[in-house]
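The points can be checked one by one against the model.

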Amino acid sequence: MQLGVFKSGRCRLASAGVGKTETTRGAGICSASAGTDTLNYQNIITDLLKAVQKMIQLTNVHKRFQLNQAEIVAVDDVTLAIKEGEIFGVIGYSGAGKSTLIRLLNGLEQPTSGSIVINDLEMTTLKGAGLRNARQKISMIFQHFNLLWSRTVEDNISFPLEIAGVKKAERDAKVKELIDLVGLSGREKAYPSQLSGGQKQRVGIARALANDPEVLLCDEATSALDPETTNAILDLLTEINERLGLTIVLITHEMQVIRKICHRVAVMEAGKVVEVGNVLDVFQSPQAEITKRFISQVSDNADADEAIKHLQEDTNGKLVKLTFIGERTEQPVLAELIRKFEIDVNIVQGNISALHDGAYGTLMLQLIGNPAIIDEAISYLHANEVKTEVLTND
Amino acid sequence: MIEQWFPNVNWDKMWEATGETLYMTAFSTVLTFIFGIALGLLLFLTSRGQLWSNRFTNVITAAFVNIFRSIPFIILIILLFPVTKFLIGTLRGPNAALPALIIGAAPFYARMVLIALQEIDRGVIEAARSMGAKTTTIIFKVLLPESMPALVSGITVTSIALVGYTAMAGAIGAGGLGTLAYLEGFQRSRGDVTMMATILVLVIVFIIQFIGDLIVKRLDKR
C-alpha cells in the first residue's frame, strides 16, 4: 500500500516536470515496475530520471557563414537544453538564425564551434555512416513538405524505410500503419500533386515517423498552410507527441503555433537566444522586447491600441492591465473587486487565449474613484496573484 | 504508283540504309543517355553547394563539355579518325560513326541533364539527406526519378539531332540514309532517291518525337 503511494507520488512529480506527455509515460513506468524488492526501486528511480532527462543539449554553439567576403553569424553562442518528450518551440523573425539552428540538430549544417549532444550522441563529431544512422532517429518535416512528386503517398512514406534497409513486407505493414495514424487512408496511391497542402504535410509527418525517431524537427511546418489546416496539423503533432512520447522541436515565426502546442519556448534574435522558458511564464512576464512583440501578435488588436491611447490621456482614474494565467482565468476576480472596493470599473478590453497547458488572458480596466482606494484595489489584485500593470502616467 | 514516282529507288538498298540509320541512332542514343547523365551528374554534384562540391573537377568537366559541344560535328568526325580507327578498326560503315556520334552528343545532352537536375527542388535533396540517405541513394532514388521527364524529353531532342548527325556521318562513308542520299541521289542526280531518303528520315524523327512525348506524359506526375 505504502509502496503504491510512493510510486504515484513520484509519478506526479515527473509529470509536473515535463508536462502532459509525462503523465502517460510516468504511469507506464509505475505499472511496469510493480514489485516490492529494492532492485525495483532502483529501476523506478533510474527510469524516472531518464523520463525527465535532457534529450538535446546545445552548448556554446556558433555557426558562421562566409558570404561574398562578409561573415554572417547565423547562430551566436547558443546554449539550450531540450527535455525528452517535450514540445519545444523556437520563435524568431526570418534571419534570426532559427532555420540554421534546427539544421545543426541533424547535421545538415555543421557548427563552427560548440557541442550538440542528442540522446547521448555528440553530433558534431559524427561522419559518414554514423551520421546517417543518427539522422534516421532525428527526422524532419518541412515548410514546403519536400515530397518526391514522382512517388505515390505510400512510396513517399516508404522512402526512409528503403534508406534504412527495411524489407519489403515490413515496409508495407509500417506504411499502412502510418497512413492510418496521420489520417490518409484511401489516398495511398495518390501522387503529391493530387493532394492539398494539409494532406501533403500529413504525408511529410508519416514519412518522418517511419523509422521510429526519437526527435522530430519541424521547420516552419505550418507556415504554408491556412489557419484551419494549421490547427489540424498542430493537433496531429500534439497527438503524436502524447502517443509516441516523441520529442518535438519546432521553429516558427507565428506565436499562435507556440501558444497552441509548445511546452517551452526559446526566442531568437540575431542568432542569439534572448529568452527561454515555459510558454505560460513567457506569456505572463515576457522579458525581452522582441518577446513582447511576439506576444502582442496573439493578444493585442490594433484597433484597441488607438482607443487605449485616448484613455491614457484621460486623467479620470487609472488604466490598468491585468494578466491572468491558468486557473486564475476561471476565478471571478473582477466581481470580488467591485464588491470589496468603492470604485467604478470600466472594462476597456478583454482577451483570452488557450495555451497548451492552461489559458492566458488579459483585461484592460479603467478604475475610477478615490486614488487611495484604487491603490488598495491594485494591491488586492496583486495579493490574488493577478499580475497588474498600471498604464496611466498620473 | 510508288514505283512510278520513285523509279530509281532500289528498295532493298533503301531498307538496308534505313536499318543502318536506325542502328546508329539507337546505339548512340543509348550510350549518349548513359554518358550524358554521368557527365551531367558530375557537373551538378560538383557545383557549388552540392554534395560533392569541388571547384576543380567542376571546371574541368565543364571545359570538356563546352569544347566537345562546340566543335562542328563534321570536323569532330575528322578529328576523331585516329580514335575511331583504334576503337573500331575501320573508318567505314555504321560502327565507325558511333564514337563521333557519342562524343558529339553526350556533352550536348550533359548540359540538358544539368538543367534538368537544377530544376529539382533543393528541399527534396535536403529531405533525403535528413533521412540519412547516402549519395548513391540520392542519385538513384531522388535526382534521377525526380528529373526523369526532363531527362527523357532531353534525350528525345538529342536523339533527333543524332539522326541528323548520322546523315552527316553518312556523307563521309558511314552508311545509312545519308550515304544513300548523297551517293545514289545527289551524285547521280536521282532526285527521287534523295526525296525518299528524306521522307524516311522524317518518319524516323516523327516516331522518335512521338515515343518521347508519350513517355514524358506517362512519367510526369507533377
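1. This is a predicted model. In chain A, strand β9 (residues 264–269) and strand β10 are joined by 6 bridges and run antiparallel. One residue to look up here is A:Val265, whose bridge partner in β10(A) is A:Gly277.

2. Both strands belong to an open sheet of 6 strands in chain A, ordered β6-β7-β8-β3-β9-β10, and the pairing is mixed. Strands β6 and β10 (272–278) of chain A form the edges, each pairing on one side only. From one strand to the next the twist averages 15°.

3. Helix α8(A) packs on this sheet, where it touches β6 and β7 (215–219) of chain A. The direction of α8(A) makes about 175° with that of β6(A).

4. Is helix α6(A) enclosed or open? Of its 11 residues, 9 are buried, so α6(A) is largely enclosed by the rest of the structure. Among the buried residues are A:Val153, A:Glu154, A:Asn156 and A:Phe159. The buried residues pack against α7 (168–181) and α8 (197–209) of chain A, and also against α8 of chain B. Just after α6(A), A:Gly165 has a positive phi of about 75°.

5. Two residues deserve a check of their backbone angles. Most residues other than glycine have a negative phi. A:Phe145, however, has a phi near 70°, a positive value in a residue other than glycine. A:Phe145 sits in the loop between β6 (138–142) and α6 (153–163) of chain A. This residue counts as buried because 25 C-beta neighbours lie inside 10 Å.

6. A:Gln69 likewise has a positive phi, near 70°, and is not a glycine. Its place is the loop between β1 (54–67) and β2 (70–83) of chain A. Buried or exposed? A:Gln69 is exposed, with 5 other C-beta atoms within 10 Å.

7. In chain B, helix α8 (residues 135–171) packs with helix α9 (residues 177–186) at an angle of about 45°, and their axes are 6 Å apart. The two helices, α8(B) and α9(B), are therefore oblique to each other, and their crossing is right-handed.

8. Which residues make that contact? From α8(B) come B:Thr166, B:Ala167, B:Met168, B:Ala169, B:Gly170 and B:Ala171, which meet B:Leu177, B:Gly178, B:Thr179 and B:Tyr182 of α9(B). By class, the contact has 6 nonpolar and 4 polar residues, with no charged ones.

Technical notes. Residues are numbered from 1 along each chain as its sequence is written. Chains are lettered from A and ligands numbered from 1 in the order in which they are written. This is a predicted model: local features need pLDDT of at least 70, side-chain atom pairs count only at pLDDT 80 or more; totals for chains, interfaces and linings use all residues. Helices (H or I, at least four residues) and strands (E, at least two) are DSSP runs, numbered from the N terminus. A residue is buried if 20 or more other C-beta atoms lie within 10 Å of its own, exposed if 12 or fewer, and partly exposed in between; C-beta atoms are placed from the backbone. Axes are lines fitted to C-alpha atoms, for helices over the stretch in contact, and angles run from 0 to 180 degrees between N-to-C directions. Angles under 35 degrees count as roughly parallel, over 145 as roughly antiparallel, 65 to 115 as roughly perpendicular and the rest as oblique. A crossing is left-handed if the near helix is turned anticlockwise from the far one by less than a right angle, and right-handed if clockwise. Two residues are in contact if their C-beta atoms, placed from the backbone, lie within 7 Å. Ala, Val, Leu, Ile, Met, Phe, Trp, Tyr, Cys and Pro count as nonpolar, Asp, Glu, Lys and Arg as charged, and the others, Gly among them, as polar. Two strands pair if DSSP finds at least two bridges between them.
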